[in-house]
Amino acid sequence: MALFLSFLLPGIPYGCAYALMGAGLVLTYRASGVFNLAFGAQAYVSAIIFSIAVHDAWPAWAAFVVAVLVASPAIGLAMERLLFRYTRTAGPLVKLVPALGLLIAIPSVTQMIIGTSTRLPSSLVLQTWKIYFRLGSTPVSGGELSTTVITVVVVGLFALVLRSSGLGLRMRAVVESPRMAELSGVRADRTSATAWVLSSLFAGLAGVLLAPLFATVSAPNFTALLVAAIAAAAIGGFESLPLVLAGAIGLGIAQQLLAGYLPSGTILSSGLRPAFPFVVLAIALVARRTLRQPAARDPLASCDPPALAFRAPARMTQVAVGSRAFSVLVAGMLVATTVVLVPGSWEFVFTLGTVLSIVFLSITLLTGMGGQISLGQAAFAGAGAFTAGQLAMHAVPVLAAVLLGGLLAAALGAVVALPALRLGGIAVGLLTLSFALLATNVLFLYPWSGNGATGLTVPRPQVGTVSFAGNGAFFWLVLAFLVLLAGAVKLVQGGTIGRELAALRGSERGSAAIGIDMRRLRVVAFTLSAAIAGIGGALYASLQQSISVNDFNYQFSLVYVVVVAAVGVYSVAGALEAGVLYAVLMQLTSTLSSRFSSLLALVFALAALTYVRHPEGVVAYGKAWVLDRAEQLTRHLQRAEPTYAGPSGAATGQRHGHLRPHLRPHLHGGDRR
Amino acid sequence: MSAVVTGIDAGPGIDATAVAQGARSLADGRPLLELRRVEASYGPYRALFGVSFTVPEGSVVALVGSNGAGKSTVARVVSGLVRAKAGSVWLAGSEITRWPAWRIARAGIAHAPEGRSVLASLTVEENLELAARALLGRRRSKGALDRAFGAFGRLAERRHQLAGTLSGGEQRMLSLAKVLAVPARLLVVDELSLGLAPAVVDEVFGALRAVRDAGTSLLVVEQHVDRVLAMADRAVVLVRGRVAAEGSVAEVLPVVARLLPQRAPVAGAASSSAQHRSPQQPGGRPGRPDAE
């Protein structure tokens, strides 16, 4: 019993911090429909401000006021006012991408401001590790005492306020339809701003309370905290605060018990503890009915102007030809410079960009074409890479190993798709995220798979007498893979599956009503996407020649989605541009001082914030803008030369010249945004 | 009362309308609601082109027109759901053009929008409570709820049921109860009887008459043109986003008959469903509520 208690008690402070953040997540989700993944970052910011202030000899209460009562709510308010108030009636992807961007951007900015030196955490009220009294024979530390009391008091007070002030009712009304709520005299703006301020307060409090439990204040710790909070929120069905509280504390305790009772020194005991919340999350997602039901649609959505169709590729002939010629020219120049001109490191960079393009293609297929959010693409890539590595070690030819890696990843994709069949929107994203975490923390650590931090070595391929060991030769091989796979994705996009995926993206019920088998389609989409990611991952392994679990960390899955969404998720070209841009910028920023090492992530994270206004992606938007201008110019020139009446010109005028841009037919189906 | 019939292509006639309106306002007493050359659009799609009319205090004004004429957009501009791009909206002498919807609601304009206009994820009671608490305060909201449940016994039976699980007719009833629970100065109802069984339509019109008798002004968009004209004092005819005619019911009747032949009231006739069924659907069941 004493042993049990000594395992159980240390779990409570973790559970309390999960509960605070989980309550905050439920609150913003209820008030704005946004699953605010940036809470992890907000908790981090509060913790670091608190620790800096205390180390600068501020009194603890002043540091607390600034860190928890001012900084975190201010960030939350800014997020609501500047971003998420515009996404209230938007689809799940539009709500997720900016939150992901912020999760990455906020720690980057913080790091640039305060530098990368290690910060030690400070205790809030009681000394975290000091033993204040004993429960039977089990010591109770200050951390356990203070977090428990503060959390229970705060959450209890909050639940009371929510019920008696009618704020809870107003929040539920505003999230379903801000306009209907306003017709009832409710200030929708103020209601959702209040919810964001309060929930950010929770995040900040959780950050300050939990910080002393870690050795240093660093952002990844808080991301891990976030996933446990998500699991707690899922236990509560994103709805019930008491259930969230109970689930969170149960989760914290269960984690400690697992760590205590599982045989130490094995991967299960070291890996399952961090992965445990994800197992719980996956089960809760599949089991809870409230998460499966789609949110009620806004009955007054028709007050918004109809969503503009994504820019159609239908352009004036001259402009279309010109733009295609320009693309070919740029691509050709890139290939030529890679092969002929640039020395060592840049050759490697462009090859890496090509490999990343392949991985990003998997996101284009799944998220861009099918509207399915996946936060686990890096895990599929890792599965492909480790399979290829293991096979190569057993004397399978590398090229065959790469393809078999894709095959195994495809099988994994199908398996992950099965529980996702009953889910929609953000829940699919969370499920894939839990898979990614399970992969990083458990699956990839075994000697028979990823071999943990030691990793595997994967040679460059050799086909007959042709060796791809040199960087130049390997580039051609990777390029061939990219061309083949991009072509295949294009074919899928234009074919029946592509049309069905576009229908799935538009409306699941609508596509089911016209006879599309949604379950089969989802499995197909996940399988194809995972196969592409797997091949990309295997090629990455062969490019690097030595890989470990850190190359396929779950955080890359988040970064990948942000990068592709920021550049352009709806077209194959977007994946290619994203891959090359990412690799080039990575090379450029690698020379910066460590303080600015996260500049790369920041660039894409900030681009992701524009996703609310330009869901087609920043680069895609820029291209459309340039082509619009080119069309205007062409039309202007045509008008200046009335004698010109060539067959193609006349046809163009007929087909596109008189259509205003917003009336152009759109070929890829609308999107619920 | 002087009628202003500007014709279908009302572009140049607008100035005359404005002048005539000034005169009428004086004659009729203070207008409760006034729209002056209101323009509105949904993104690039324009819906209203210089719409002007008034709702005198204590009167019932019918807004008629064919599908896509802009009736619902007018209702939305009045309640602040859609902001006018040009022109102005006045409530009892103060300009409310740029007011947010919640402020207009608190100023006394209640709007029952068309379609499913209840919050599906809230219970029946919560739907009513939301409006009552925001508009009347917590203490007086109890009485408003009791009033609403007293008037609509069916809703009282289902007060703890989620509004999204109500039948279509019950949802419309709830939508009406929401705006009736809290006394308003102007009630804007949009296609309230759409899809309702004939007996329920009678109930709805009975409720509207009771509201009028209690002193609330009404702006009514209705598909049952004959029934709404029978109860209205004045009517505004919209054609393609423009006011084609405005005046007393007797004055606009010829215009309605010309513009909406299938909807025009037959003198003295009461059977509206017969008028609504299109000749292409001889098999349509009599009294089918969704005959539109």
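Chain A and chain B of this predicted model bury about 2600 Å² between them, with 63% of that area on carbon and sulfur atoms; buried area is the accessible area (1.4 Å probe) that two parts lose on being put together, summed over both. A:Leu169, A:Leu183 and A:Ser184 supply 23% of the area that chain A buries against chain B, more than any other three residues. In terms of contact (heavy atoms within 4.5 Å), 29 residues of chain A meet 31 residues of chain B.

The rule finds 1 salt bridge across this interface, a salt bridge being a side-chain nitrogen of Lys or Arg within 4 Å of a carboxyl oxygen of Asp or Glu. A:Arg172 is joined in this way to B:Glu126, and their closest N and O atoms are 2.7 Å apart. On the side of chain A that touches chain B, the elements giving two or more residues are helix H7 (167-176) and helix H8 (178-183) of chain A; helices are DSSP runs (H or I, at least four residues), numbered from the N terminus.

A further site is A:Thr432, in helix H17 (residues 426-441) of chain A. A:Thr432 is buried, with a relative accessible area of 1%, where buried means under 20% (1.4 Å probe, protein chains only). Beyond its neighbours within four places in sequence, A:Thr432 is in contact with A:Ile373, A:Ser374, A:Leu375, A:Gly376, A:Val416 and A:Phe526.

Residues are numbered from 1 along each chain as its sequence is written, and chains are lettered from A in the order in which they are written. Local features need pLDDT of at least 70, side-chain atom pairs count only at pLDDT 80 or more, and totals for chains, interfaces and linings use all residues, while side-chain values use heavy atoms, with hydrogens and water left out.

How values were computed. Buried means under 20% relative accessible area, exposed over 50%, partly exposed in between (1.4 Å probe, protein chains only).
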